[in-house]
Amino acid sequence: MPLYSKIRVQVDKDLADIMPTFLNNRNKDIELITKSLSTGDLAGIESVAHKLAGNAGGYGLADLGIIGREMETSAKQKNMEQVQKLFQKMKDYLANLDIEFI
């Protein structure tokens with residue numbers, strides 16, 4: 001069961017042209033994290049999560065940034081179970097994201 005129902009986020013209309021690229025890059029992050037999880041590469045997860053934590057807020061997605069920060073911390077602590085939970089939370093968030101440009 002997904003953690004989220006539809007998540008409506010209002011984002012500045014000036015980001016409308018670059019938001020698709022940002023979201024496409026998050027799909028690439030999902031692929032990278034999936035691969036890193038399968039190989040136990042926590043450093044790789046930490047790196048991806050660090051970038052997510054730093055970038056998401058600038059796109060009006062503060063909650064996604066928090067997920068990234070928590071995932072980064074969990075990877076540093078080598079807490080694979082928590083990393084997996086946060087990864088699922090990230091995927092659910094992105095799958096249910098409904099952006100309204102204002």
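Predicted model: local features only at pLDDT ≥ 70, side-chain atom pairs only at ≥ 80, totals over all residues.
Contact here means heavy atoms within 4.5 Å.

Met-71 sits in helix 3, residues 62-76. Setting aside residues up to four places away in sequence, Met-71 touches Ile-33, Ile-45, Ala-49, Val-83, Leu-86, Phe-87 and Met-90. Is Met-71 buried or exposed? Its relative accessibility is 0%, so Met-71 counts as buried.

Next, the helix pair. Helix 2, residues 42-55, packs with helix 3 at an angle of about 155°, and the axes are 7 Å apart. The cut-off for roughly antiparallel is over 145 degrees, and therefore helix 2 and helix 3 are roughly antiparallel to each other. The crossing of helix 2 past helix 3 is left-handed. On the helix 2 side, the contact includes Ile-45, Ala-49 and Ala-53; on the helix 3 side, Met-71 is one of the residues, with Gly-65 and Gly-68 also among them. By class, this contact has eight nonpolar, three polar and four charged residues.

Last, the core. Which residues of the largest nonpolar core touch the most other members? Of its 28 residues, these are Ile-33, Ile-45, Leu-61, Leu-64, Met-71, Met-90 and Tyr-93. Elements giving two or more residues to this core include strand 1 (7-11), helix 1 (19-39) and strand 2 (97-101), along with helices 2, 3 and 4. Helix 4 provides the largest share, six residues.

How values were computed:
Residues numbered from 1 in each chain as written. Heavy atoms only, no water. Helix = DSSP H or I, 4+ residues; strand = E, 2+ residues; numbered from the N terminus. Buried < 20%, exposed > 50% of the residue type's maximum accessible area, 1.4 Å probe, protein only. Axes fitted to C-alpha atoms, helices over the stretch in contact; angles between N-to-C directions. Parallel < 35°, antiparallel > 145°, perpendicular 65-115°, else oblique. Left-handed = near helix turned anticlockwise from the far one by under 90°. Nonpolar A, V, L, I, M, F, W, Y, C, P; charged D, E, K, R; others polar. Core = buried A, V, L, I, M, F, W, Y, C linked by side-chain atoms within 4.5 Å.
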